[in-house]
Amino acid sequence: MIKIIIPLVLLASVSTVSLAADLAQGVLTATGFGIADGSKFPRPQARLMSKRAATVDAQRNLMETIEGVRVTAGTTVENMVVTSDKVGTRVQGMLQGAFIVNENTYEDAGSWVTEMELGVCVNKSALECQQKPSLTDIIREEMAATPPVKVFDPTNEMIGASLTADEEAVGEVATVSGGSTEAPATSVSAESPAEPATGLIVDVSGQDFSPMLDVRIETADGAELYGPALVQLEDGTDWLNWARSVDAAKQMSQVVGDNPLVVAASGLSDSDHIVVSNDQAIAIFNSNTSGSNFLKKGKVIFVVK
């Protein structure tokens, strides 16, 4: 008979703080425990049974963690699994393909005990996730596309008419990486950036924002600059990348290049979309247009607490 030990701290709920940290690292993890009575089975069999029990327990705990990940302000992965057979099947497949993060098997008082930590990929930022399916990939296909009329474009008469910001002031709210985060060395003009921006870093650490999978950047009027449907990715790339500080984001040159535009979010919408000012929106749009079209390529990093 297999006895399974389940620590209560791993059941049901995962704290927002730890989940946010896991999302920022790009890997979700959960631990399971298993114990097999060595007096009732041959030692090799008891050892394997303890590992199997720990794996099943870890998979169950990992599924609870995955289901608790926010997709939007009001939904979680669990909602999408319930409403979409496609999402449910792919999430189950990803769970079955979970990789071992840590494993410890030992004999204690005649029984074999295994502690198993499994992980699944949120995105492809972690080295071990480069060739694995990710939760971001699975959910992105189910996210609502933004109507063209709602996509930010200051050359569009309807959107342009609502922009009252003075473009000459854009340099005060958007800076290009070049010095420290406290005193950026180079400012960006909406008309002519000093150097073409290679990516975008959006600092959301000053807002009460918890990471989720449906992240969008928009103006206060709801015109969207960046979102899941506005990105065209190549194999092995991501559209949703996280960092815990601006400096850490700048080190991720494989995502944002060597000259990223850095902006601080001005607020959050009712749907927890990231809001930037009109000045910032114009700076982002112009830098993207005159640069490498980094928005379309998903070369964006969000800095969270």
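The model is predicted.

The sheet is open and has 4 strands in the order S9-S8-S13-S12, with mixed pairing. Its edge strands are S9 and S12 (267–268), each of which pairs on one side only. Strand S8 (residues 217–218) pairs with S9 in the antiparallel sense, over 2 bridges. Ile217 has Tyr226 in S9 as its bridge partner.

Tyr226 also takes part in aromatic pairing. A pair of aromatic rings is described by the distance of the centres and the angle of the planes. In the whole structure, 5 aromatic pairs are found. One of them joins Tyr226 and Trp239, with 5.8 Å centre to centre and 45° between the planes, a tilted arrangement. Tyr226 belongs to strand S9 (residues 224–226), while Trp239 is in the loop between S9 and strand S10 (241–243), so this pair ties together parts that are 13 residues apart in sequence. Tyr226 has a relative accessible area of 0% and Trp239 one of 1%. Buried means under 20% relative accessible area, so Tyr226 counts as buried, and so does Trp239.

Tyr226 has another ring partner in Phe302. Here the centres are 6.3 Å apart and the planes stand at 50°, so this pair is tilted. Phe302 lies in strand S14 (residues 300–303) and Tyr226 in strand S9, so the pair ties together parts that are 76 residues apart in sequence. Phe302 is buried, its relative accessible area being 0%. Tyr226, Trp239 and Phe302 are among the members of one aromatic cluster, which also includes Phe209 and Trp242.

The last stop is Val71. Where does Val71 lie? Val71 is in the loop between helix H2 (43–67) and helix H3 (77–83). Is this residue, Val71, buried or exposed? Val71 counts as buried because its relative accessibility is 2%. Leaving aside residues up to four places away in sequence, Val71 touches Thr76, Val77, Met80, Ile139, Met212, Leu213 and Asp214. The C-alpha atoms of Val71 and Pro211 are separated by 8.8 Å, although these residues are 140 residues apart along the chain.

Note on methods:
Residues numbered from 1 in each chain as written. Predicted model: local features only at pLDDT ≥ 70, side-chain atom pairs only at ≥ 80, totals over all residues. Heavy atoms only, no water. Buried < 20%, exposed > 50% of the residue type's maximum accessible area, 1.4 Å probe, protein only. Contact = heavy atoms within 4.5 Å. Phe/Tyr/Trp six-rings, centres within 6.5 Å; stacked < 30°, edge-to-face > 60°. Pairing = 2+ DSSP bridges.
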